[in-house]
Amino acid sequence: MRMPGLLVVASLAMVVLVSSGQARSSASSTAAEDVRELGASIELHPEPFRSVSRQRFRAEVDALADRASSISRNELLVGMLRIIALLGPRNGHTGLFPGDSHVRPLNLYPIRLYQFADGVFVVDARDRSLVRNRLVAIEETPVERVLELVDPLTPADNASNTRGMAPHFLLTAEVLDGLGVTKGAGSATFTFVRPGGQRADV
């Protein structure tokens with residue numbers, strides 16, 4: 001399993017290394033072709049239709065390709081993640097992972113999260129004062145709702161694996177923008193509950 005590394009920066013404000021997620025693709029036909037190529041590549045998987053029917057899979061690929069010219073790059077990214085994750089359980093190594101090297105770099109907010117039974121907690125961060133804080137919202141969207149949006153994008157072998165991986169996708173700026181949780185892939189407000197019970201917007 002590939003796990004994204006912690007970015008060592010001083011705050012949750014990010015330096016975005018690529019063009020804004022709101023920018024439209026400059027070659028929409030190429031974007032549509034990329035989606036169809038992704039679908040064709042996935043069909044080379046030894047058992048691509050174990051968890052999803054061929055009909056539904058191809059319909060999802062066609063639907064995303066058809067709207068590729070009218071959505072942002074980050075919405076397109078989210079759509080492609082969703083298509084890959086259609087492979088279902090026991091495919092945790094088949095996916096596009098935030099911490100990998102990409103032609104278009106993905107950006108991670110500088111904290112590490114883990115989803116425990118009693119909530120999503122910071123287990124590491126450049127700002128050490130955030131460790132042991134419970135994350136409750138991102139841009140005022142409850143973290144439970146963000147996880148609901150992220151879970152269908154997360155490649156995993158089983159439910160436990162999803163709980164471990166989903167927080168990494170939740171910290172990817174382009175994914176949050178593509179889901180509509182944030183406006184753009186830059187700085188965002190994360191709301192925490194401190195160990196003493198105080199709420200803090202960071």
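Visitor: How many residues does helix α3 have, and what span should they cover?

Guide: Helices (H or I, at least four residues) and strands (E, at least two) are DSSP runs, numbered from the N terminus. The expected span of a helix is 1.5 Å times one less than its number of residues. Helix α3 (residues 73–85) has 13 residues, so at 1.5 Å a residue the helix should span 18 Å, and its end C-alpha atoms are 18 Å apart, which agrees.

Visitor: What kind of model is this, and how are residues numbered?

Guide: This is a predicted model, in which local features need pLDDT of at least 70, side-chain atom pairs count only at pLDDT 80 or more, and totals for chains, interfaces and linings use all residues. Residues are numbered from 1 along each chain as its sequence is written, and side-chain values use heavy atoms, with hydrogens and water left out.

Visitor: Which residues of α3 are buried?

Guide: Buried means under 20% relative accessible area, exposed over 50%, and partly exposed in between (1.4 Å probe, protein chains only). In α3, the buried residues are Asn-74, Leu-76, Leu-77, Val-78, Gly-79, Met-80, Leu-81, Ile-83, Ile-84 and Ala-85. Because 10 of the 13 residues are buried, α3 is largely enclosed by the rest of the structure.

Visitor: Which strands does β3 join, and by how many bridges?

Guide: Two strands pair if DSSP finds at least two bridges between them. Strand β2 (residues 119–125) and β3 run antiparallel and are joined by two bridges. Four bridges link β3 to strand β5 (residues 190–193), again antiparallel. With β4 there are two bridges, and the strands run antiparallel.

Visitor: What are the bridge partners of Arg-134?

Guide: Arg-134 in β3 is the partner of Phe-121, and in β5 the partner of Arg-134 is Val-193. For Ile-138, the partner is Thr-141 in β4. As for cover, β3 is mostly covered, with four of its five residues buried.

Visitor: What lies between β3 and β4?

Guide: The hairpin of β3 and β4 has two residues between the strands. Glu-139 is in the loop between β3 (134–138) and β4 (141–142), and Glu-140 is also placed in the loop between β3 and β4. The phi of Glu-139 is near 50°, a positive value in a residue other than glycine. Glu-140 has a positive phi of about 70°, although this residue is not a glycine.

Visitor: Where is Arg-199, and which residues is Arg-199 in contact with?

Guide: Contact means heavy atoms within 4.5 Å. Arg-199 lies in strand β6 (residues 199–201). Leaving aside neighbours within four places in sequence, Arg-199 is in contact with Val-136, Thr-191, Phe-192 and Val-193. Arg-199 and Val-136 are 63 residues apart along the chain, and their C-alpha atoms are separated by 9.0 Å. At 60% relative accessibility, Arg-199 counts as exposed.

Visitor: Where is Tyr-114, and is Tyr-114 buried or partly exposed?

Guide: Tyr-114 lies in strand β1 (residues 111–116). The relative accessibility of Tyr-114 is 39%, so this residue counts as partly exposed.
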